[in-house]
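Me: I'm new to reading protein models. Could you walk me through this one?

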Amino acid sequence: MSNEANTCRKYVEPKLKDAGWERESHTYYEQYYFTDGKIRPKNKRQPRGKRKFADYLLLYNGEFPLAVVEAKRKHKTPDEGLEQAINYANLLGVKFAYSTNGQGIVEFDFITGKQSDVMESFPSPDELWRRLTGEAKEQIRGDIAEKLLTPFYPIPDKPLRYYQRNAINAALAAIFKGQKRLLLTMATGTGKTTVAFQIAWKLSSLEWNTSGESRSPRILFLADRNILVDDPMNKDFSAFNQEKIYKIQGEAKKGRDLYFAIYQAIGDTQYSFGLYREYSSDYFDLIIVDECHRGSARDESNWRQILEHFEPAYQLGLTATPLRDDNVDTYRYFGNPLYTYSLKQGIDDGFLAPYRVYRITTRSDRQGWRPNAGQIDRYGRTIPNEVYLTPDFERKLVREARTKAIAQHITDFLRSGDRYAKTIVFCVDEEHVKAMIKELRNFNSDITRTNPDYITRITSDAGDVGKGHLYKFKDVLDETHIIAVTAKLLTTGVDIPTCKNVVLARVIRSMTDFKQIIGRGTRVREERGKRSFNILDYTNSTVLFEDRDFDGEPALINESEIDDNGQILSEHEEELESEELEEEADDLEDDERSGFPGLPDDDDIPPRKYYADGGSEEIVEEKIYDLNPDNQLRLSRLIDYTREQVRILYRSTIEIQQRWADPEQRSEIIDLLADRDIDFDELKQVTKLPEADPFDLLCHIAFDAPVLTCKQRAERLRHRKADFFEQYGEDARAILEILLNKYVEKGVEEFNIPTTFKANYEFNKYGNVAEIAQCFGGVIQLKEAVNHLQSLLYTA
């Protein structure tokens, strides 16, 4: 019986070659891996799930993906792998999917939606290219397709991911069709800047521009913070000729190809007209608006005037937030996204870090806080006699004791794990930031006495000092700036790859802000030990995870076409909710700017907040939530969760036993449980059964079966099945005894040969793996002996 690898080598590749596909000319990739495998935070032995890969990815001119081929064993039917091929083709954005058993071939064509009868040969590259190009809705216009073949800028140590390629091609195809307002929605940490750079690179290589002249396009990269333009300019876009790059600040220079600017530097002020007016409305061919949800698209926004001034230019918006009440204007201006890659997809693919949520509640957050009758605050004012709840703290009422309790808990959390894990603390406003920093420094004085930068203030009011701290904090090699305390400055666009803790000490109601804040922790940096992150929530803001729209299918703006009489010709409708949340979010931002609504800028007028000094505060509850296989939060009760999952998968201990005794089926069980984030080492720790055999542990938790240790199982095997050992010669028996002892010491994974033979010196006296096999009569006999040993271990 041929396995799939043999099918590929012996049957599929000759058929590909006969059709004109050549490995040497890079018209196909074999075993094309396109995901990294979902991260399993608690599983040290198998830290990632299986990576997705297509048996073959077929490309035109070695550059443009056309088709996916899935190969199954010769004894399977040709269409056995078609559903998987269709799934992978859909993800990879290709229009043709093939399944083969090496003899027959079955095709699914996304353009026509039809499945073929069994074919004997693959289409040639030119034939598929011709079928791909055309005027049908699912096809690509011929002139556009040729432009899409323009090579990407090669980055050997950072190859494009499949979704980045999809986003780039979607944007370019729309530009070449003449669509002037464009939007890409991609989760934080998935490489929006890389996508923008490659789009700019391809357009520049083609000398595309709106005037049709023979010149490179003039492109403006626009954002609302210096760091959002400085990083792309100095990193991704540095591949361009530096003489062609200019950051607009103070002077409107011309004669360049790539311009970078923040709205504040080029927009109108109350004292003068903005620099943007010194450029003609048709000067720029393309404007890339990063983090476009942050206000520039709103009708009433001063920044909107900049985009309207450059109305003739193509304008590409980049955002991490799907359509919500608080970013409707963005979608109305730029239109529905050409391509979306969500946080859920990123976590599933292993490109983004999963998270664990800690919901921590203080006594006053649970019960509310009411002043004593006639209680006077710090400034001699009577505190209104009402119950103050979580949204009121730091906005209407300041309690030093609450801030101190939160700072104490943050410190204890870091002490219990890694005190040098990069941590961002989000506070309500500047005043709250300063109070939190004071308490954190006092609780961590053993570190801050020699490293005062261990805890730093990174806010807009901190000025150049804060900016310096920010650049240090985001440096992956920096080990001095560990805890950054902020209000709003770090919510968007700042790349902090090693951030392991996101702390919410402020109420967040805007889904857009929430997704941006969570995005601070989603980047993966495995070489620095960053594979997941924690969210410490002191304000119950993570209930937004439970919103059905948190990471669901993106809603769309209503689109319709009307005739001259105003009659609707075609319509796509998506009901939009009220704008209450947006208004609420705006009010909260106003609060942050002023400390409290309506606060005059006069130092002699007492603040509008009330300050209740003294008193006590304590943490009364902490709940831990992990992600389930569907990336939904579940309360972390490992034993209950394991029982539930095992009972879903298996009906009885007998069914588990039959599967567990077979090495291949046992491996499948372990993989299935690992995909559900169930780790045996953690189970042993929680159940206080460190020496239990994993099989017995599962059956005990799920079906209340008695528990045997690995040592007990080994002894029972020796006692009940002595004849098994007696059938072998002296050396073979000794080898099996060593293997059994290794199982007792380290567990069932020790049956993984030849790894165990190579890793343990006790086997050295019997030679290398081939020589050990000869003690049993050969490799096949050795495998049979070890497999039989495992079977008896779980049946004796």
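Below, we go through it in questions and answers.

Me: Before we start, what kind of model is this, and how are residues numbered?

Reply: This is a predicted model, where local features need pLDDT of at least 70 and side-chain atom pairs count only at pLDDT 80 or more, while totals for chains, interfaces and linings use all residues. Side-chain values use heavy atoms, with hydrogens and water left out, and residues are numbered from 1 along each chain as its sequence is written.

Me: What pLDDT does the protein average?

Reply: pLDDT is the predictor's confidence in each residue, from 0 to 100. Here 90% of the residues score at least 70. Over residues 557–603, though, the pLDDT is below 50. Where pLDDT is low, the predicted coordinates should not be read in detail. The average for the protein is 87.

Me: How many helices and strands does the protein have?

Reply: Both kinds of element are DSSP runs, numbered from the N terminus: helices are H or I with at least four residues, and strands are E with at least two. Counted that way, the protein has 29 helices and 25 strands.

Me: What share of the residues count as buried?

Reply: Buried means under 20% relative accessible area, exposed means over 50%, and partly exposed is in between (1.4 Å probe, protein chains only). The protein has 796 residues, and the buried share is 54%.

Me: At what angle do H24 and H29 pack?

Reply: H24 covers residues 710–720 and H29 covers residues 779–793, with their axes 9 Å apart. Axes are lines fitted to C-alpha atoms, for helices over the stretch in contact, and angles run from 0 to 180 degrees between N-to-C directions. Angles under 35 degrees count as roughly parallel, over 145 as roughly antiparallel, 65 to 115 as roughly perpendicular and the rest as oblique, so H24 and H29 are roughly perpendicular to each other. The angle is about 105°.

Me: Which residues in H29 meet H24?

Reply: Contact means heavy atoms within 4.5 Å. The residues of this contact divide into five nonpolar, no polar and one charged (Ala, Val, Leu, Ile, Met, Phe, Trp, Tyr, Cys and Pro count as nonpolar, Asp, Glu, Lys and Arg as charged, and the others, Gly among them, as polar). From H24 come Arg-713, Ala-714 and Leu-717, and on the H29 side they meet Leu-789, Leu-792 and Leu-793.

Me: Which residue forms a salt bridge with Glu-526?

Reply: A salt bridge is a side-chain nitrogen of Lys or Arg within 4 Å of a carboxyl oxygen of Asp or Glu, and by this rule the count comes to 49. In this one, the closest N and O atoms are 2.8 Å apart. Glu-526 lies in the loop between H17 and E20 and its partner in the loop between E1 and E2, so the pair ties together parts that are 478 residues apart in sequence. Glu-526 is partly exposed at 39%, and its partner is Arg-48.

Me: Is Asp-285 buried or exposed?

Reply: Asp-285 forms a salt bridge with Arg-215, the closest N and O atoms being 2.9 Å apart. Arg-215 is buried, with a relative accessible area of 14%. Asp-285 has a relative accessible area of 0%, so it counts as buried.

Me: Which elements do the buried residues of H22 pack against?

Reply: H22 runs over residues 680–687, and its buried residues are Phe-680, Glu-682, Leu-683, Lys-684 and Thr-687. One of these, Glu-682, is also linked with Lys-42, Arg-356 and Asp-626 in a network of salt bridges. The buried residues of H22 pack against E14, H19, H20, H21 and H23.

Me: Which residues does Thr-361 touch?

Reply: Thr-361 is found in strand E14, residues 355–362. Its relative accessibility is 17%, so Thr-361 counts as buried. Leaving out residues up to four places away in sequence, Thr-361 touches Arg-366, Glu-618, Ile-619, Val-620 and Glu-621.

Me: How far apart in space are Asn-385 and Asn-372?

Reply: Asn-385 lies in the loop between H12 and E15, and at 51% relative accessibility it counts as exposed. Beyond its neighbours within four places in sequence, Asn-385 is in contact with Arg-370 and Pro-371. Asn-385 and Asn-372 are 13 residues apart in sequence, and C-alpha to C-alpha they are 7.5 Å apart.
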